[in-house]
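Open the model in your viewer and keep the selection tool at hand. This tour goes from stop to stop, saying what to pick and what is there.

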Amino acid sequence: MTEKPLLEFTGVSKTYISGESQLSILQQIDFSLPSGVSVAITGKSGSGKSTFLNIAGGLDKPTSGDVNFLGKALRHMHDKELSEFRNRHIGFIFQSHILLDDFSALENVCIPSLIRGEPKKNVSRRAAQLLERVGLSDRMDHRPNKLSGGERQRVAFCRALVNSPELLIADEPTGSLDEQSSRGIEELLFDLVREQGKTLLLVTHDMQLARKCAVVYLLHNRELQELT
Ligand code: ADP
Ligand code: MG
């Protein structure tokens, strides 16, 4: 018997409508993400990778088709239910700019768990452990604007992991870093995924990075094609 996928797309299409014009981005996509596997979606700029990821993470809705996560149909969820579901089950990592500059690195990592209503003491301890793991124990009290790009991204990894989500979603996670820091940060991401047994859905235009995942898809002409 095969295990049920963590995430499943059935006939997912997305069309952006603005005024008179319609822009079809995804067409009838079927996609299945097994638990514990790392999958990359690659493709040219503008091919719809971020659109795909936002739909996968319940940040955007498809025009038609179904998205199932942990056996639940996302389209049947109301906004509040959906944001609680995301907070609990999905960790998001974006290219940049997701940390709040008015808070310390430690506080930034704590935010998703505090939103969930967890006691601050427990949260702080877990956040500190994560920051230690990524080599930032001496930067916990720093504001993000006092950190380097690579350090900020390490804080963002901790924030994505603090609620122990099943799925990590990363959109060009090293897109704002120089080549050298990119490689170190990529390695750290894959190490964390492995250590914590996460499922990873990674979007990148960088084929070298995509190839570090077990399965690679190319998004092209609104369709998803598995690369071998
Ligand atoms: P990628 O991440 O592969 O670069 P995106 O998913 O960001 O691609 O965008 C795919 C296409 O959809 C682009 O042409 C982009 O301009 C367009 N697009 C993205 N978001 C919107 C939106 N909210 N409204 C209209 N068009 C959009
Ligand atoms: Mg994008």
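This is a predicted model: local features need pLDDT of at least 70, side-chain atom pairs count only at pLDDT 80 or more; totals for chains, interfaces and linings use all residues.

**Stop 1: the largest pocket**

Select Asn87, Ile90, Phe92, Pro112 and Arg159. Among the 16 lining residues of the largest pocket, these lie nearest its centre. The volume of this pocket is about 360 Å³.

Now colour the elements around it. Which ones each supply at least two residues of the lining? They are α2 (79-89), β6 (90-93), α3 (105-115) and α5 (149-161). Switch to colouring by residue class: the pocket lining shows ten nonpolar, four polar and two charged residues.

**Stop 2: the cavity**

How many cavities of 30 Å³ or more does the structure hold? There is one. The space in the largest cavity is about 80 Å³.

By class, the cavity is lined by five nonpolar, two polar and four charged residues.

**Stop 3: α3 against α5**

Return to two elements from the pocket lining, α3 and α5. Show both as cartoons and look along their axes. The axes come within 7 Å and cross at roughly 30 degrees. Angles under 35 degrees count as roughly parallel, so α3 and α5 are roughly parallel to each other. Their crossing is right-handed.

On α3, pick Ala105, Asn108, Val109 and Pro112; on α5, pick Val155, Cys158 and Arg159. These residues of α3 and α5 meet each other. The contact has five nonpolar residues, one polar and one charged. Pro112 and Arg159 take part in this contact, and both are among the residues nearest the pocket centre.

**Stop 4: α3 against α4**

Keep α3 and bring in helix α4 (residues 120-133). Are these two parallel or oblique to each other? They pack at an angle of about 125 degrees, their axes 9 Å apart. The pair is therefore oblique. The crossing of α3 and α4 is right-handed.

Finish with the contact residues. Select Ala105, Leu106, Val109, Cys110, Ser113 and Leu114 in α3.

Technical notes:
Residues are numbered from 1 along each chain as its sequence is written. Chains are lettered from A and ligands numbered from 1 in the order in which they are written. Side-chain values use heavy atoms; hydrogens and water are left out. On a 1 Å grid over the protein atoms alone, a cavity is a set of points where a 1.4 Å probe fits but cannot get out, and a pocket is an open set with protein on both sides within 12 Å along at least five of seven lines; lining residues have an atom within 4 Å of a point. Grid points are joined across faces, edges and corners, and a volume is the space filled by probe spheres set on the points. Helices (H or I, at least four residues) and strands (E, at least two) are DSSP runs, numbered from the N terminus. Ala, Val, Leu, Ile, Met, Phe, Trp, Tyr, Cys and Pro count as nonpolar, Asp, Glu, Lys and Arg as charged, and the others, Gly among them, as polar. Axes are lines fitted to C-alpha atoms, for helices over the stretch in contact, and angles run from 0 to 180 degrees between N-to-C directions. Angles under 35 degrees count as roughly parallel, over 145 as roughly antiparallel, 65 to 115 as roughly perpendicular and the rest as oblique. A crossing is left-handed if the near helix is turned anticlockwise from the far one by less than a right angle, and right-handed if clockwise. Contact means heavy atoms within 4.5 Å.
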